[in-house]
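Let's take a walk through this structure, one part at a time. Have a look at the chain first, and then read on.

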Amino acid sequence: ARVDKAGHKHFMAKEIAEQPSVIGAALSHYLSADGRNIVLPDTMPDFATISRLTMVACGTAYYACLTAKYWFERLAGLPVEVDIASEFRYREPPITPGTLALFVSQSGETADTLAALRYCTDRVDTILSVVNVAESSIARESDLALPILAGAEIGVASTKAFTCQLTVLLLLALRAAHARGQIDDDRLADILSSLRALPSTLNTAMERNTQIRIVARQLSTSENALFLGRGLMYPLALEGALKLKEISYIHAEAYASGELKHGPIALIDDTMPVIVMAPCDALFDKTVSNMQEVMARGGRILLISDARGIATAGDGVWQTVSMPDIDPILSPILYALPAQLLAYHTAVAKGTDVDQPRNLAKSVTVE
Ligand code: G6P
């Protein structure tokens, strides 16, 4: 079937807007009819018997894995290693018994990820993959391939595939937490209920579109941008910076907020916008002191947070974008939306080729 832009100016805009519905589709696929149980194939390995999870991917899928590391460790107490496929395959890492290897790829055709998978084939009991294209090479060569059900993604910069990857990875982490006796029934029920509400929470967040477009117009005159995040928001900061550089060609990098003092603070002046993605969670106070360090040096902060975070720390910052409240464990999925919209509108303001950015390919099937 031919995919069209459905009235949007770009595929990327369409794919950003589709996220509530495709995440909804992924949730209906992986949850029981009453929404209270996670349904995975019978051939799914038992997380109770696994001692280590190794996740490998490239690009945006790699940042999905980095996010999932926090989930698997925090929720399931499972040690996790995450690696970039091109590093993993040539480093020839030792694989210890009891390792589950998990490969994440939208296309299922990325050459380095496929090679990393093949490296693991005879070294682990089970190869699991999380893919968008169900008939891809990575899916075929896995023992079990879980679809993310995002539908065709045409924009080169990945958006809906990222949030669907996150959704499926969170469900896997919850399954692992349950299998390993690390989560009680109430907490599990709470998270599942927040997940079921996620499509509607994302729709609420979409109401910030116009505001983000206005901020982006100002951002589009910058030559550099710095993204900061902590904990679960750190991988998302990396993804936000990747999105911005991919399509707007603004040099962007991301740091864990706590690393600010170890280098990037030297770059701060009034020409350096600093995008802070920080819901008001347990680590928020620490982020607030990082923001003060930035502001004391004339840095301009765009704070993306919830109402409580903005009430606590919004004074004196350059711009704020207010997100709906959400269980902090789900925040990376929700906060992906403003990060994507910011990159999108910045690129549109600059007039770049949003869906086909220069020098980039949707699927990197050669080394
Ligand atoms: C390319 C694309 C990215 C994507 C990466 C990994 O760089 O431009 O959007 O994240 O490949 O692709 P995969 O299909 O393996 O997820």
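Here, two residues are in contact if their C-beta atoms, placed from the backbone, lie within 7 Å. Helices (H or I, at least four residues) and strands (E, at least two) are DSSP runs, numbered from the N terminus. What you see is a predicted model, in which local features need pLDDT of at least 70 and side-chain atom pairs count only at pLDDT 80 or more, while totals for chains, interfaces and linings use all residues. Residues are numbered from 1 along each chain as its sequence is written.

Start with a pair of helices. Q19, P20, S21, I23, G24 and L27 in helix 2 meet L195, R196, L198, P199, L202 and N203 in helix 8. Sorted by class, the residues of this contact come to 7 nonpolar, 4 polar and 1 charged. (Ala, Val, Leu, Ile, Met, Phe, Trp, Tyr, Cys and Pro count as nonpolar, Asp, Glu, Lys and Arg as charged, and the others, Gly among them, as polar.) Helix 2 (residues 19-30) and helix 8 (residues 185-206) pack with their axes 8 Å apart, at an angle of about 175 degrees. That makes helix 2 roughly antiparallel to helix 8, a label for angles over 145 degrees. Axes are lines fitted to C-alpha atoms, for helices over the stretch in contact, and angles run from 0 to 180 degrees between N-to-C directions.

Strand 1 (residues 52-57) and strand 3 (residues 99-105) run parallel, joined by 5 bridges, and L53 stands opposite L100 in strand 3.

Finally, pick out C164, which is found in helix 7 (residues 160-179). Is C164 buried or exposed? C164 is buried, because 29 other C-beta atoms lie within 10 Å; the cut-off for buried is 20 or more. Leaving out residues up to four places away in sequence, C164 touches V22, I23, A26, I148, L149 and A150.

Terms used: Pairing = 2+ DSSP bridges. Parallel < 35°, antiparallel > 145°, perpendicular 65-115°, else oblique. Buried ≥ 20, exposed ≤ 12 C-beta atoms within 10 Å, placed from the backbone.
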